Amino acid sequence: MAAFLLGAAAVFAQGPVISDESTVVNTVYGKVQGYLDGNVYTFKGIPYAEAERFMPPTAPKVHEGTLMCRRYGPVAPQNLSLNYNSNWQSDYDFGFQFKIEPMSEEHCLVLNVWSKGINDGKKRPVFVWFHGGGFVNGSAVNLPTYEGRALAEKGDIVVVSVNHRLNVLGYFDMSGLGGRFSESVNLGQQDLVKSLEWINKNIERFGGDPDCVTIAGQSGGGGKVSTVMMMPSAKGLFHRAIVQSGSYVRYQTNEDSKLYANALLNELGIKADDKAALDAVPYDELVEAANKAVRMVNAALEAKGLPAPGGNNSPVIDGKYVVGPGFDQKAPEISADVPMIIGWNYNEFDYATGKEDIRFRDGAINQANVKSSQGKAPVYLYMFNWKPAGNVLGACHGMELAFMFNNIALQTEMNGGTREAYELSDKMSSAWISFIKTGDPNVKGLPNWQPYTEKKGTTMIFDNKCTIRKK
């Protein structure tokens with residue numbers, strides 16, 4: 001019995017350390033306390049900015065005392081269509097296991113950090129994750145596989161994931177109203193840049209290197225990465241980029257997007273100078289009014305034979321915060337020196353048919369073409385072709401996430417948790433870690449992955465047997 005108790009005590013002693021001063025980091029905005037999970041320091045829900053409704057983000061206020069950052073913070077207000085669609089009881093949605101999280105408009109500008117060392121003077125490469133869900137839904141942790149611990153531990157890198165404003169609160173262009181709204185455009189993207197500014201100022205204290213930052217994202221997160229690469233305010237805040245199944249972004253023009261703001265205020269019956277009234281509109285009513293405003297503006301334009309902008313939930317090429325053209329036409333010069341990984345999954349949303357989704361493939365190839373044509377930084381192209389045995393999802397949209405995050409065990413509903421899955425995950429996460437550290441994804445166990453050019457078409461095929469495909 002004594003031996004059992006001693007053994008149990010050793011096991012229990014491995015639990016999280018949550019009250020030790022060794023888990024405190026003194027940021028430029030005040031002290032934050034996380035916890036030590038095994039050998040990985042974990043901080044959740046750290047405020048990186050604050051913002052009023054429809055206003056640009058500002059730095060967080062300096063706080064007194066120690067802020068407890070051991071639970072994930074609130075997510076941006078959104079509906080649950082991403083989490084539960086009309087087929088929420090289907091085999092397809094079973095694989096994703098989306099989380100339901102508390103929402104807060106006031107407190108959603110938070111980030112999470114995982115690192116093997118804090119306050120130790122080391123400079124580990126930093127990996128910053130922008131979540132998917134288009135520009136409408138999602139969060140930094142709404143999928144189990146977004147957990148950054150395993151990647152931080154395996155690669156000895158610092159992993160950061162970010163929440164930011166979405167949908168009408170993050171991507172409705174109010175700048176056409178002028179006055180206090182003059183900078184109220186691309187607010188969700190401004191939030192992301194603010195998170196990078198926070199990282200630049202604070203990440204050394206979490207054991208990270210502010211001069212070696214990789215931004216990455218999948219689906220809408222990939223679109224956010226591409227858009228940050230078009231933002232002058234982000235210049236120098238990141239040094240590599242990864243776009244996974246997110247190369248296609250439909251940008252609004254500033255001239256068109258400004259049409260919606262007056263229609264929104266008219267629908268609400270509020271004047272632009274009545275800040276209190278606008279702030280008091282419940283989120284659901286705001287979304288409904290914004291959707292009506294979009295439909296009204298689009299219908300009016302179509303009645304005149306003019307093209308409709310389409311909607312209010314995508315970035316705007318406004319010429320200041322986001323400069324054009326988009327990657328669909330030309331790679332931005334302001335990020336020409338940034339190496340990239342770009343790719344897509346074979347099936348994407350064509351779950352049941354087993355066919356390739358052409359739009360994602362063409363978007364990735366086009367983005368790789370315009371990036372490589374600059375000739376100033378390498379771009380590496382991949383296709384994820386691995387399919388779980390007996391699973392209806394195939395190589396679907398998001399299947400690669402558990403593999404590159406080294407998190408097979410956290411989402412076995414999707415990948416099956418097989419030996420083959422773990423083997424490919426080891427290779428793919430190693431390639432991502434190598435790129436994060438050096439800008440080159442080549443690692444032992446993979447064929448030689450040369451930079452992509454339109455002429456050669458070099459593409460890594462991730463599967464049980466990884467191969468290189470060329471034209």
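**Entry 1: backbone at the serines**

I started with Ser-219, which sits in the loop between β9 (208-218) and α6 (220-228). I was working on a predicted model. Ser-219 has a positive phi of about 60°, although it is not a glycine. I noted this since most residues other than glycine have a negative phi.

I next looked up Ser-245, in the loop between β10 (240-244) and β11. Its phi is near 50°, again a positive value in a residue other than glycine. Ser-245 is buried, with a relative accessible area of 2%.

**Entry 2: a cis peptide bond**

I checked omega and found that the peptide bond from Gly-324 to Pro-325 is cis, with omega near -5°. Most peptide bonds are trans. Pro-325 belongs to the loop between β12 (316-317) and β13 (340-345).

**Entry 3: Glu-101**

I placed Glu-101 in the loop between α2 (91-94) and β6 (110-115). Glu-101 is buried yet has no salt bridge. Which side chain of opposite charge is nearest to Glu-101, and how far away is it? The nearest one is Lys-99, at 6.5 Å.

I then looked for polar partners and found that the side chain of Glu-101 makes a polar contact with the side chain of Ser-139, at 2.5 Å. Leaving aside residues up to four places away in sequence, Glu-101 touches Val-75, Ser-139, Val-141 and Asn-142.

**Entry 4: aromatic pairs**

I listed ring pairs and got a count of 18 aromatic pairs. One of them is Phe-172 with Tyr-260, a tilted pair with 6.1 Å centre to centre and 55° between the planes. The pair links distant parts of the chain: Phe-172 is in the loop between α4 (167-171) and α5 (187-202), Tyr-260 is in helix α8 (residues 259-268), and they are 88 residues apart. Phe-172 is buried at a relative accessible area of 1%, and Tyr-260 is buried at 1%.

I then turned to Tyr-380 and Trp-449, whose ring centres are 5.8 Å apart with the planes at 75°, so this pair is edge-to-face. Tyr-380 lies in strand β14 (residues 379-384) and Trp-449 in the loop between α14 (419-438) and β15 (459-462), so the pair ties together parts 69 residues apart in sequence. I found both Tyr-380 and Trp-449 buried. Which residues join these two in a cluster of ring pairs? The cluster links Tyr-380, Tyr-382, Trp-432, Phe-435, Trp-449 and Phe-462.

I also looked for a charge over a ring. The charged end of Lys-44 sits over the ring of Tyr-72, 4.3 Å from its centre.

**Entry 5: helix α8**

I went back to α8 for its buried residues, which are Tyr-260, Ala-261, Ala-263, Leu-264 and Leu-265. What do these buried residues pack against? They pack against β11 (252-253), α7 (254-257), α9 (275-280) and α10 (283-303). Just after α8, I noted that Gly-269 takes a positive phi of about 70°.

Conventions
Residues numbered from 1 in each chain as written. Predicted model: local features only at pLDDT ≥ 70, side-chain atom pairs only at ≥ 80, totals over all residues. Heavy atoms only, no water. Helix = DSSP H or I, 4+ residues; strand = E, 2+ residues; numbered from the N terminus. Buried < 20%, exposed > 50% of the residue type's maximum accessible area, 1.4 Å probe, protein only. Lys, Arg positive; Asp, Glu negative; His and termini not counted. Salt bridge = Lys/Arg side-chain N within 4 Å of Asp/Glu carboxyl O. Polar contact = N/O pair within 3.5 Å; in protein donor to acceptor, adjacent residues only side chain to side chain. Contact = heavy atoms within 4.5 Å. Phe/Tyr/Trp six-rings, centres within 6.5 Å; stacked < 30°, edge-to-face > 60°. Lys NZ or Arg CZ within 6 Å of the ring centre and 35° of its normal.
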